Amino acid sequence: VLLERVVTIYAQAFGECAEGRDYLAVRGLADVGLLARHRAGYADGRLAKLLPTAGNARAELRALGVLLDPSAGSGQADRERFAGCVVFPVCDDAGRIVTLYGRNTATPAGAEGKRHVYLPNRPKGLWNAAVLKSSPHVVAVESILDALSVETAGVGNVVSIQGTNGLGETDL
């Protein structure tokens, strides 16, 4: 339920901030319907600002890895793991969000820093896994952006294995 709320906040930011949309458009991914269907989001920093100070939400998001612990004793506010990233929810075949994938919009290929951002200790699984139930054949690609490109080209039965570590022994 908490990841669902995070995805909703990031999707709202994606609609309001051009940075994430521009990043994807440069890669030929500008189909608003496709991006909305896959719940594209953008982490613009609003998540940490919207969270109530009372209650357990911050602690739970730290435990999930969405928020990073502020430096001990520094007085810093919570930082978002996906800050500056286009973010996509990764769901199991029943449609439940199991993890998040982020693509850093400020880190070009070959540059220092992480381009691909994942939640720690969370399953990577297959992105667009629901296709496995609805299609007798699937196209498997490495990244979510590759999968979106294939969908943009008109092939809807595509899944992303999310990099070279997306499939575990139980997925084979």
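Student: How many strands does the open sheet have, and in which order do they stand?

Tutor: Strands of a sheet pair through backbone hydrogen bonds, and the pairing can be parallel or antiparallel. Here the open sheet has 4 strands in the order 1-4-5-6, with antiparallel pairing, where two strands count as paired if DSSP finds at least two bridges between them, and where strands (E, at least two residues) and helices (H or I, at least four) are DSSP runs numbered from the N terminus. Strand 1 (41-42) and strand 6 (116-118) stand at the edges with a single partner strand each, so one side of each is left without a neighbour in the sheet. This is a predicted model, in which local features need pLDDT of at least 70 and side-chain atom pairs count only at pLDDT 80 or more, while totals for chains, interfaces and linings use all residues. Residues are numbered from 1 along each chain as its sequence is written, and side-chain values use heavy atoms, with hydrogens and water left out.

Student: Is strand 5 mostly covered or mostly uncovered?

Tutor: Strand 5 (residues 97-104) is mostly covered, since 7 of its 8 residues are buried, a word that stands for under 20% relative accessible area, with exposed meaning over 50% and partly exposed in between (1.4 Å probe, protein chains only).

Student: Which residues of helix 5 are buried, and on which side do they lie?

Tutor: An α-helix has 3.6 residues a turn, so residues three or four places apart point the same way. In helix 5 (residues 57-64), the buried residues are Ala57, Arg58, Leu61 and Leu64. They cover an arc of only 125° around the axis, which puts them on the same side of helix 5; the arc is that of the directions from the helix axis to the C-beta atoms. Among the elements that cover these buried residues are helix 1, helix 4 (46-50) and strand 2 (67-68), with contact meaning heavy atoms within 4.5 Å. After helix 5 comes Gly65, whose phi is positive, near 100°.

Student: What lines the largest pocket?

Tutor: Rolling a probe the size of a water molecule over the atoms shows where empty space is left. A pocket is an open set of points on a 1 Å grid over the protein atoms alone, where a 1.4 Å probe fits, with protein on both sides within 12 Å along at least five of seven lines, and lining residues have an atom within 4 Å of a point. The lining of the largest pocket includes Arg37, His38, Pro89, Gly95 and Trp127, and strand 4 (residues 85-91) gives the largest share, 3 residues.

Student: Which helix gives the most to the lining of the second largest pocket?

Tutor: That is helix 3, with 3 residues, although helix 1 (2-16), helix 2 (18-26) and helix 3 (32-37) each supply at least two. Among the lining residues of the second largest pocket are Phe14, Leu29 and Arg39.
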